[in-house]
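Subject: Structure handover

Hello,

Here is the structure you are taking over. My notes on it follow below.

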Amino acid sequence: MSTLRELKTRIGSVSSSEKITGAMKMISSAKVRKFEQSLKRLLPFKTQIKSIMGHLLDADGQYTSPLLEERGEVNTVGVVVYGSDDGLCGAYNMNIFKHLVFTLNSIREKHGSQVRLKLFPVGKKMVRAVSKLASDNIEVVVLDYVDSKMEGKKVNDLTLSLQDEFTRGILDEVHVVYMNFISLSRQRVKSEILFPISPSTLSENAGVAGSNKPYIFEPDANRIFNEVLPMFVLSSMQEITIENRASEQAARIMAMQSANDNAKKLLDSLQLEYNKLRQQSITTELLDILGGQVEQ
C-alpha cells in the first residue's frame with residue numbers, strides 16, 4: 001500500500017505534468033494561428049497566379065512546357081513525404097507513413113513492380129520511419145537543408161531541385177504526401193502529383209478570368225505560360241508546407257488535450273486515494289488515543 005508521502009509525491013508529479021501539457025497546448029494553438037495567417041497571406045499571390053493561368057487558358061492557345069510532359073514509360077518516381085521533426089503529436093507521423101505505403105503500392109500497381117522509387121523525407125521522424133523502406137528498388141534521399149520547419153526559400157530550393165530532376169529525365173513523376181489542414185479539429189492525409197502537372201489541375205483555373213477577355217499577350221502567350229507555370233508549382237509547394245506545419249500543431253493540440261484530460265483523471269484518483277489514506281491514518285491515531293485513555 002502506498003504511503004502518504006509517496007502519494008503526495010505522485011500528486012505533485014502529475015500536477016506538474018498537467019501544467020506542462022497545458023502550456024504546450026497553448027504554444028501549439030498560437031502556432032496554428034500563425035500558420036493560418038501565413039496561408040491567408042499566400043492566398044492573394046496564388047489567386048493572382050490562377051487568374052493569369054485562367055486568362056491564358058481562356059485564350060484557347062496552344063501551350064507546351066516540359067513540366068506538362070507525360071512520359072510514355074515511367075521508370076523512376078520521386079515521392080516527397082512530409083512529417084515532423086518533433087514528437088508528442090499523437091498518430092500524426094504514423095498516419096502519414098501508412099498513406100505513404102499505400103501510395104507506393106498504388107505507384108507499383110500502375111507502373112509495374114520494377115519501377116524505381118526515390119523517397120525524399122521531410123522531418124527527422126519521417127526520415128527515421130522511411131529509412132526502414134530502403135531496398136534495391138527504393139532509394140531514400142535525405143537532403144541536409146530540408147526539415148519540417150524550413151522557411152520559404154528552402155521550400156523553393158527543394159521544389160526547383162525536383163523540377164530540375166524531372167526536366168532532365170532523372171525522375172519521370174514526382175508525388176507529394178502530406179497532411180492537408182482543413183480546420184483545427186480536422187486534418188486528412190493527402191497525396192498529389194507535382195510533376196508532370198496535370199491538365200485537369202490547370203483547367204480548374206480556366207474561367208477565373210471570366211468576361212475580361214480578349215487580351216493581347218506580350219510577349220507571346222506560350223512564353224508567359226512557361227514563366228507562370230513554375231510560379232504556380234512553387235506556390236502550391238509553399239501551401240503544402242504551411243498546411244503540413246499547421247496540421248502538425250493541430251495534432252499536437254489534440255495530443256496535449258488528451259494527455260491533459262488523462263492527467264486530470266489520474267490526479268483526481270490519486271487525490272481521492274490520498275484523502276482516504278489520510279482519513280484512515282487520522283482514525284487510527286484517534287483510536288490509539290482513546291485506547292490509551294481507557295487503559296488508564
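What share of the residues in the protein chain is buried? Buried residues account for 41% of the 296 residues. Please keep in mind that this is a predicted model.

Overall layout. The protein chain has six helices and five strands, and along the sequence they run in the order α-β-α-β-α-β-α-β-β-α-α.

The core. The largest nonpolar core holds 32 residues, of which Y82, L162 and F195 touch the most other members. Two or more residues each come from α1, β1 (76-82), β2 (116-122), α4, β4 (173-183), β5 (186-195) and α6. The biggest contribution is that of α6, with nine residues.

Helix α4. This helix covers residues 152-167, and its 16 residues reach 22 Å from first C-alpha to last, close to the 22 Å expected at 1.5 Å a residue. Its buried residues are V155, L158, T159, L162, Q163, E165 and F166. They sit on the same side of α4, because they cover an arc of only 165 degrees around the axis. Just after α4 comes G169, with a positive phi of about 85 degrees.

Salt bridges. The count is 10. Side chains of opposite charge can pair when their charged atoms come close. Some of the pairs:

- K149 and D85 meet at 3.8 Å, N to O. This pair links distant parts of the chain, 64 residues apart: K149 is in the loop between β3 (138-140) and α4, and D85 is in the loop between β1 and α2 (92-111). K149 counts as partly exposed because its relative accessibility is 38%, whereas D85, at 11%, counts as buried.
- D164 pairs with R168, with the closest N and O atoms 2.8 Å apart. D164 is partly exposed at 35% relative accessible area, and R168 is exposed at 56%.
- E248 and R252 meet at 3.2 Å, N to O. Both lie in helix α6, four residues apart, or about one turn of the helix. E248 is buried, with a relative accessible area of 5%, and R252 also counts as buried, at 8%.

The surface. I282, L286 and I289 make a nonpolar surface patch of about 260 Å²; I289 is found in helix α6 (residues 221-295). K19, in helix α1 (residues 4-58), counts as exposed at 61% relative accessibility. K19 and N260 are 241 residues apart in sequence, but 8.2 Å apart in space, C-alpha to C-alpha.

Regards

Methods. Residues are numbered from 1 along each chain as its sequence is written. This is a predicted model: local features need pLDDT of at least 70, side-chain atom pairs count only at pLDDT 80 or more; totals for chains, interfaces and linings use all residues. Side-chain values use heavy atoms; hydrogens and water are left out. The expected span of a helix is 1.5 Å times one less than its number of residues. Buried means under 20% relative accessible area, exposed over 50%, partly exposed in between (1.4 Å probe, protein chains only). The arc is that of the directions from the helix axis to the C-beta atoms. Patches are made of residues with over 30% relative accessible area and no salt bridge: like charges are joined within 9 Å, nonpolar side chains (Val, Leu, Ile, Met, Phe, Trp, Tyr) within 5 Å. Accessible areas come from the Shrake-Rupley method with a 1.4 Å probe; for residues, only the protein chains shown count as cover. A salt bridge is a side-chain nitrogen of Lys or Arg within 4 Å of a carboxyl oxygen of Asp or Glu. A nonpolar core is a set of buried Ala, Val, Leu, Ile, Met, Phe, Trp, Tyr and Cys residues joined through side-chain atoms within 4.5 Å.
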